[in-house]
Amino acid sequence: MKNLIFYTFIVSMIMNPNFCNADLPQQERLNMSIPQVGSKAPDFPGLKENKGKNIVLYFYPKDDTPGCTVEACALRDSYHDIGKLNTVIFGVSPDSAKSHDKFVNKFQLPFPLIPDEDKKICQAYGVWVEKSMYGKKYMGVARTTFIIDKNGNIAKVFEKVKPEGHNHEVIEALKALK
């Protein structure tokens with residue numbers, strides 16, 4: 001059963017035209033880079049409204065998929081501990097607002113998910129990248145988390161995030177902030 005679910009997921013990823021954004025100019029793909037620690041965080045909905053708080057901004061590939069669900073539910077389960085550290089959480093993926101609403105409701109996520117269908121936020125944070133699966137290349141989100149400090153600067157970047165236990169890494173990084 002697990003194999004059937006996995007292969008169905010893989011086929012849907014490859015066949016979904018939103019997953020492979022071929023209309024992005026090649027030059028735009030090459031110029032994307034991840035903001036460095038200490039740099040000003042690129043704008044996104046919720047950044048200005050939360051000045052004075054730390055922000056966990058996590059990027060994930062797709063709503064209601066195995067790894068993304070594990071990551072979101074772990075952050076949900078740590079929501080109160082993270083909140084005690086003067087921190088808010090935002091998730092970002094290229095999914096629609098409708099898809100995000102279903103995901104939030106299904107797993108009772110207490111934090112907002114930002115739809116990025118045009119991939120502008122993903123591009124600004126350098127996480128819209130070329131990926132490869134079974135020899136097929138496509139564009140997708142690199143699972144990445146940014147911790148933005150209360151002044152709006154990048155304080156920590158987690159690249160190639162493993163969903164299991166990532167919430168604990170986030171909490172430790174937040175505790176290390178001054």
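Buried here means under 20% relative accessible area, exposed means over 50%, and partly exposed is in between (1.4 Å probe, protein chains only). This is a predicted model: local features need pLDDT of at least 70, side-chain atom pairs count only at pLDDT 80 or more, and totals for chains, interfaces and linings use all residues. Residues are numbered from 1 along each chain as its sequence is written, and side-chain values use heavy atoms, with hydrogens and water left out.

**View 1. D95 and K62 pair up in a salt bridge.** The term covers a side-chain nitrogen of Lys or Arg within 4 Å of a carboxyl oxygen of Asp or Glu, and searching the whole structure turns up six of them. In this one, the closest N and O atoms sit 3.5 Å apart. D95 comes from the loop between β2 (87-93) and α5 (97-107) and K62 from the loop between β1 (54-59) and α3 (66-77), so the pair ties together parts 33 residues apart in sequence. Helices (H or I, at least four residues) and strands (E, at least two) are DSSP runs, numbered from the N terminus. D95 and K62 are both buried.

**View 2. R143 reaches E71 in another salt bridge.** Here the closest N and O atoms are 2.8 Å apart. The link joins distant parts of the chain, 72 residues apart: R143 is in the loop between β5 (136-141) and β6 (144-148), E71 in helix α3. R143 counts as buried because its relative accessibility is 15%, and so does E71, at 1%.

**View 3. R76 and D77 meet through their side chains.** This salt bridge spans 2.9 Å, N to O. R76 has 26% relative accessibility, so it counts as partly exposed; D77, with a relative accessible area of 55%, is exposed.
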